[in-house]
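Good morning, colleagues. Please bring the sequence and the model up on your screens, and I shall go through aromatic contacts, charges over rings and a surface patch.

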Amino acid sequence: MDLLNGDIKKIFFKYLAAAFGSTFTVSVYGIVDSMCVGRYHGPAGSASLSVAIVIWCTYCSLGLLTGIGGSIHFSTWMGHGDKNKANQYFTTAIGIAAFIAVVFTGAFGFFTEEILILLGAEDPDVLYCAVEYFKPMKYAFFIFMVNEMLAAFLRNDGDPLLTTAAVVTGGAFNIFGDFYFVFGLDMGARGAGFATFGGGIITFTIMMTHFFKKKNTYRLVKVTEPFKKIADVVKTGFAPCFLDLASAILTTIFNIRVSLLLGTAAFAVLGVVSSINSFALCCAYAVGQAAQPIISLNYGAGKWERIGPTMKYAISSTIVIGAIFYAFIFFEPNLLVRLFMTPTEEVLEIAPAILRTYCSSYIIMNVNIFATYYFQSIMKDGISFIVSVSRGLVLSGILALVLPVIFGPSSIWLAVPIADVIVLIYVVIMIKKTKKLAA
């Protein structure tokens, strides 16, 4: 598909369909895990998956660091016509990913309980469920980081449908495996871990077939100025990486604050919120991931006239997706709660207000997330960094800590919506500014 000369609308929506299929299925991993564990173990199971999502987000964010960071430089230099330099960034990304996998897998493998307690699993029942979930895969959970990295590179090498096929196949195994292992074999949280690990291995195996195709342009080559290229990959990939990493940190802050201020029932609802939020974030990522290869390649070729239409389709898509999400949450909050756990009456009483308040940010959030992909695709890493850090951690984290002190414990659910409104104002100003510079 010709990203430099083809029809923008057709290209964008083809990439969006592929990216949405991939991110949707990845989010389903966590959602189905949460549903099965929550219904098997009750509120403690739901709360444990809120803690597990932190680990999940951390690994996925590191995959985005190397995948998005490396593939953007790859596409930019391919746009310039320099294949060797493009592949130096591919090689650099592989090296960074290998180093991260060793360090993080070792730390989590040897200090599993300590890390889970630090992330909010202080309740013995919650800790038990979380430990059981990670037992089958704690030494190989890095496979999901590698899958995120490969997905980014495959999209930038004109093979988005293979990514979708890989993730959908792995996700299908995970879904059916969850029900079979958790309920059929009566394994509970450990069964969900087995299903998730198996799905990740299947996804990895299928994506690796790209490197045996004739259309594959990736090569491992000798890297000149390796430290500069490492810095380039990390700098460019940090903003999308921080979206997931900040989500993990913010979830940890919420885990600790909610369990302390509002009790177990609210903590269980937070598990539902975390699962829904991971799904909403993945859909927002899909729009950014669909637009990123088009914007990056055309930016490298100096074709700004093709970037504007791509932005129009991307922003419209984020608004529609966010509106659909929030409409369902607003009208059927307790239906979602019942899907994710066997709730108590207290949970059903408090869940609607929590879900409607926290998730009211989804339309704005999606635009802000796309903005991080847009700015780093045109090499405005500083702006992308500010957007990621502000909405993902700084403003949301500060408000989560301060609002309950001033307005009472329940005001913590307003932290994310308020942060997204503030960030959106900055995003609109910066988009207008970059358009003027391009003109």
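I shall begin with the basis of the values and then turn to the aromatic pairs.

This is a predicted model, in which local features need pLDDT of at least 70 and side-chain atom pairs count only at pLDDT 80 or more, while totals for chains, interfaces and linings use all residues. Residues are numbered from 1 along each chain as its sequence is written, and side-chain values use heavy atoms, with hydrogens and water left out.

How many aromatic pairs does a search of the whole structure find? The search finds 24. Rings of Phe, Tyr and Trp (its six-membered ring) pair if their centres lie within 6.5 Å; planes under 30 degrees apart count as stacked, over 60 as edge-to-face and the rest as tilted.

One of these pairs is Tyr40 with Phe183, a tilted arrangement with 6.1 Å centre to centre and 50 degrees between the planes. It links distant parts of the chain, 143 residues apart: Tyr40 belongs to helix H1 (residues 8-41) and Phe183 to helix H7 (residues 160-184). Helices here are DSSP runs (H or I, at least four residues), numbered from the N terminus. Tyr40 is partly exposed at 32% relative accessible area, and Phe183 is partly exposed at 37%. For these classes, buried means under 20%, exposed over 50% and partly exposed in between, with a 1.4 Å probe and protein chains only.

Phe153 and Tyr218 form an edge-to-face pair, 5.3 Å centre to centre with 85 degrees between the planes. Phe153 lies in helix H6 (residues 143-155) and Tyr218 in the loop between helix H8 (189-208) and helix H9 (226-261), so the pair ties together parts 65 residues apart in sequence. Phe153 is buried, at 0%, as is Tyr218, at 3%.

Next, charges over rings. The criterion is NZ of Lys or CZ of Arg within 6 Å of the ring centre and within 35 degrees of the ring normal. The charged end of Lys229 sits over the ring of Tyr89, 5.6 Å from its centre, and Arg356 lies over the face of Phe330, at 5.0 Å from the ring centre.

Finally, Arg306. This residue is in the loop between helix H10 (264-300) and helix H11 (307-331), and it counts as buried at 11% relative accessibility. The surface also carries a nonpolar patch of about 670 Å² accessible area (Shrake-Rupley), including Leu401. Patch residues have over 30% relative accessible area and no salt bridge, with nonpolar side chains joined within 5 Å and like charges within 9 Å; a salt bridge is a side-chain nitrogen of Lys or Arg within 4 Å of a carboxyl oxygen of Asp or Glu.

Key:
Accessible areas come from the Shrake-Rupley method with a 1.4 Å probe; for residues, only the protein chains shown count as cover. Helices (H or I, at least four residues) and strands (E, at least two) are DSSP runs, numbered from the N terminus.
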